[in-house]
Structure formats: C-alpha cells, structure tokens
Amino acid sequence: MAFKIASSPHLTQHNQTHKVMQRVLLCALPGVAVQCYFFGLGSLIQIILAMLVALACEAGVLFLRKRPIKSTLNDNSAILTALLLAISIPPLAPWWVIVIGTSFAIIIVKHLYGGLGQNIFNPAMAAYVMLLIAFPVQMTTWVPPSTVALHPVDLLQSAQFIFTHMPQSSINSYQSGIDGVSMATPLDTVKTNLSSGQTLQESLLNPIFKDGLPVGWLWVNFAYLVGGLAMLKLKLIRWQISLGVLSSLFILSSIGFLLNPDSHLGPIVHLFSGATMLSAFFIATDPVTASTSVKGRLIFGALIGTLVYVIRSFGGYPDAFAFAVLLANLCAPFIDYYVKPRAYGHRTSH
C-alpha cells in the first residue's frame, strides 16, 4: 500500500455541485409523486413549466453577464429552484403565476446578487412570498385531495385550468360534484374557522380532516420526510437545521395544545400539514442562505420553527414557512458571527 504525498489543497471532488443538486432532486421525487397522487398532475405541469422558464432565464442572464452558459446550467441549481417553487404553489394556478415567480427567483433573487453562492435569500421562498402578496387569490386556490373529491381533475383538465380560461359551465359541473374546484388547505380551514368563532373541534369535522389528521397532506409530508432522511443518509445536508426546525415546532405546538386545546392544533398536525417536511429538509437547509456553524445551524433551525408556530397561531397566514425562512436568512450572518467557534490557540484578552 503506497503512501501518497500531495500538496494542498487536500480536497475531494465527490460532492460537486451538479451531483449534489441531482441527488437532492432524486430525493424529492417521493414527495412529488405523492403530491401528484393526492392533488393531481397539475403539479407536474407546473414543475415542467417552471424548469423551462428557469433554464431560459438563467441562460439569458448569463449571456448578458458574459458568463459561461453551458457549465452553469449544468449545475442544476436553477432546476432545483424551479422544482421547489412549483411544488409550493397550487397545482391549478394559472401558467403566468409560475412564469412570473420563477423569473423573479432566477433573475432578481439569484443573479441580481451575483449568482449561485451570492444570494442572501432563498430564491424559491422569496418568489413564493412575492407571488403570495401580489396574487393572493391564485396562490390560495388549492384543489381538494383526490380521496375527498368526487371528481378528481385529470391531466387534460389540469392543463385546461392552467393554460386556458375554463368555461363557466365546466367549472359549475365540478362545483356541483365537490366542494368547489378550489378548497382551503387544512391549516387555512382551521385559521378561518377559528377567526369566525368556531371551535377547533368543529374545524376538525371538515372532510379535509380524518381522525384529526389532514387528509392527503399527512402522506405528502411523510413522503418528503422519507426524502429528507435519504438526504441525511447521503450526507447532502446537515442534521442540525432540520432538527432545530422540527423540534422547536414540536415543543411549542405541544405547549400551546396543552395550555389551550380548543384553539391550538396539536404537534402532529403541525408537523404533517402544509410545507413542514418539505421546508425542514429541502428549503431551510440551503447551504448558501443558512447558518454555517454547528451551533448556528441549530439556532437557525429553531428560529424558523419558532417563527412558523407564531405566525401559524397568531399571524394572518395559515402556513408560514416562506416568511420564516426569509426572516431567518436575514439573521444567518448575525447568528454565525456570535456563535462562531473559537480558533485553536486563541487567547482571551484581559
């Protein structure tokens, strides 16, 4: 066995950017598949459209900046951003919603700050917040899960909703079979009912809940949890941020539920509703916009989980991960500054 001596830097090339992005995309496939099963193939159309727009925008900006196009596109970062944004919006949102959002994510949030590795905000979440504020109706119009809907929307009907204006007669036919083409998410249902004076127990009688758990969303979150654990196994992400997010959300929701079970959801509903698992493993762990030290990552994740619980329970938005992630992105440099590890041999001045 030969002992090889080499000059620095002593780096390996196993975790190249494009390979990491590819593996993250593969780990997201279980969640995407389950999401398409429960909410229709409209999500698949949104993903394809978002990826095409992301690649076009990235190529255009790189051309204007006189940067290499092919090598940059091959890093798959634009495709991952497109995927995360596309699965975050309602499956039947009009085509121009995802086009505007993806363009904003790539051109403004990513390249305006210098490109990959220079952006201070998570591009997908920044675009999501922009869309939510600019187009609240389109961004809150979800279809009911397939197990609740009497007439689930198929691929062709999804394409018609996304790319054309469906005739009113067609819309009425869907509304007569299910509770409208659109349906509130479980978290939105609870928040709306509580604000109108209904109790939490009355909200849980909605067909979107079964045995107190969100229909469809439970399995979507479980699938993203499986994908997240696979990323941890492959060492694509660090465990501290995900643990911080989920543990803080679990602890706070447990305390709230114990103190006032009539108006606060239990921890299981919080953990398996909305974008909890998707954000905890695929979004909050973005190495560019998150804290980098070990203690910093734990604090960063705990901050996100705390903000999510506070906004969900007392704020105006039913799901709060996009806002929580962006606020935590702002705090990441300060967190790293105050918890940075002491250099070996450092002597404290007296």
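Helix α2 (residues 42–64) contributes the most to a nonpolar surface patch, with 3 residues, helices here being DSSP runs of H or I with at least four residues and strands runs of E with at least two, numbered from the N terminus. The model is predicted, so that local features need pLDDT of at least 70 and side-chain atom pairs pLDDT 80 or more, while totals for chains, interfaces and linings use all residues. Residues are numbered from 1 along each chain as its sequence is written, and side-chain values use heavy atoms, leaving out hydrogens and water.

Leu41, Leu44, Ile48, Leu52 and Leu155 make up this patch of about 430 Å²; patch members have over 30% relative accessible area and no salt bridge, and nonpolar side chains are joined within 5 Å. Accessible areas come from the Shrake-Rupley method with a 1.4 Å probe, and a salt bridge is a side-chain nitrogen of Lys or Arg within 4 Å of a carboxyl oxygen of Asp or Glu. Leu41 lies in the loop between α1 (17–39) and α2.

Helix α13 (residues 239–259) packs against helix α16 (residues 294–314) at an angle of about 35°, their axes being 7 Å apart; axes are lines fitted to C-alpha atoms over the stretch in contact, with angles from 0 to 180 degrees between N-to-C directions.

The protein chain as a whole is summarised below, where buried means under 20% relative accessible area.

| Item | Value |
|---|---|
| Helices and strands | 17 helices and 2 strands |
| Buried share | 49% of 350 residues |

Methods:
Patch = residues over 30% accessible without salt bridge, like charges linked within 9 Å, V, L, I, M, F, W, Y side chains within 5 Å. Buried < 20%, exposed > 50% of the residue type's maximum accessible area, 1.4 Å probe, protein only.
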